[in-house]
Amino acid sequence: MIKVQGPVVLYQDGVREARRRQSLRARYAYGLIFFATNLLAWFVRDYGAKLLRGLHHVPVCGAGDSKCFQSGGVLRVSLGCFIFFWVMFVTTFGARKLHEVRNSWHSGCWVMKFLVYAVSIVIPFIIPNIFIQLYGEIARMGAGVFLLLQLISMLHCISWCNKRWMPDSRSNQCGLFGLFLSTISFIASFAGIAVLYVLYISNSSCLFNIFTITWTAILVKIMMAVSLHSKVNEGLLSSGIMGLYIVFLCWSALHSEPQTGKCHTQMKIAKDGDWATIVSFIIAICAIVMATFSTGIDTRSFQFRNDEVQLEDDVPYSYQIFHIVFAMGAMYFAMLFINWELNHPTRKWSIDVGWASTWVKIINEWFAASIYGKSTKNSSCLPCHF
């Protein structure tokens, strides 16, 4: 019995480890699917009317009808992506153990899932436009939910970094690395604010930009003061990283302003197809995919109970949370591609440009700063998973 039990246990451990590795690799496959869907949405938006002429034979895409292209095309591709990840969410909901069928479905069966994906993408192109417009309205709310999930994941990671590298007040550690990161973060934050003043305020009439940048600087100082308060005592690292984040949001908001005013003169308006425009467009798509992927794999941030002990045969992350985040990400990329406007045409090779996009980012920045101020007293020490 003893001679047989050893090999059996080793075999079971090997199978369990193989399933775990397969589950972890599956995340990147879903990330590639999401990336390919982003490229498909761009293709349909910018070149669909010319290259997908076969769609004109579909009743809702008749000759001279642009309902399947531009913003409508993006929404249809987004809906298809949402359907696919929603199906994955439903079929993997409640998966707990590596030996379950739901784990095998999540980590394998790629031929069948490709068919499910293809059907999911085709269906939105054969349904009436009124349902697509309804989905567009829902996608606005879904994109807002995604931004909230991204913020929760960001705060979770910042809290872990602070616990990891900043010493406890009761310990004798000096935390030189944490202090170094804090210093670099605040220097970069205020340097970034100075650069924003130079790039986006060409004259004293740019009142909107002056207010936005100045308020961002005030928020950074407030967060630093809150972190150092005796009742909070969070240290400077968390507020430094959060300061960098809201400065980035401020820059992103100003960068999304229509390049038609006198206050947006840091570069000439690039023509469609200009190499700089193409590079920035590709970087923007990669940023969308990375934001969705990093938020999706940080499943512990969204669990109600974080004190559960993970066993050897447990799945390495929550599949249902992973897929629902990607479903919300499908709504999010749709809003970025159509600039949060459902019926207005967009310029080729552009993404997330317009006053609607600008205000979404500004509100997101202010909301992030307010949530950080409320969460400093209840920060979690659980690590983020990247």
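These exercises look at salt bridges in a predicted model.

**Exercise 1.** Find how many salt bridges the model has.

*Solution.* Start with the rule: a side-chain nitrogen of Lys or Arg must lie within 4 Å of a carboxyl oxygen of Asp or Glu. By this rule, the count is six salt bridges.

**Exercise 2.** Decide whether R45 and D46, partners in a salt bridge, are buried or exposed.

*Solution.* Take the contact. The N to O distance between the two side chains is 2.7 Å. Next, recall that buried means under 20% relative accessible area. R45 has 2%, so R45 is buried. D46 has 8%, so D46 is buried.

**Exercise 3.** Work out how the partners R102 and E100 are placed: buried, partly exposed or exposed.

*Solution.* First, the link. The closest N and O atoms of R102 and E100 are 2.7 Å apart, in a salt bridge. Then take each residue. The relative accessible area of R102 is 31%, so R102 counts as partly exposed. E100 comes to 16% relative accessibility, so E100 is buried.

**Exercise 4.** Explain where E137 and R140 sit along helix α5, and state how accessible each one is.

*Solution.* Begin with the helix. Helix α5 spans residues 129-165. E137 and R140 are three residues apart in this helix, so about one helical turn separates them. Now the contact: their closest N and O atoms are 3.6 Å apart, and the pair forms a salt bridge. Last, the accessibility. E137 has 40% and is partly exposed. R140 has 30% and is also partly exposed.

Note on methods. Residues numbered from 1 in each chain as written. Predicted model: local features only at pLDDT ≥ 70, side-chain atom pairs only at ≥ 80, totals over all residues. Heavy atoms only, no water. Buried < 20%, exposed > 50% of the residue type's maximum accessible area, 1.4 Å probe, protein only. Helix = DSSP H or I, 4+ residues; strand = E, 2+ residues; numbered from the N terminus.
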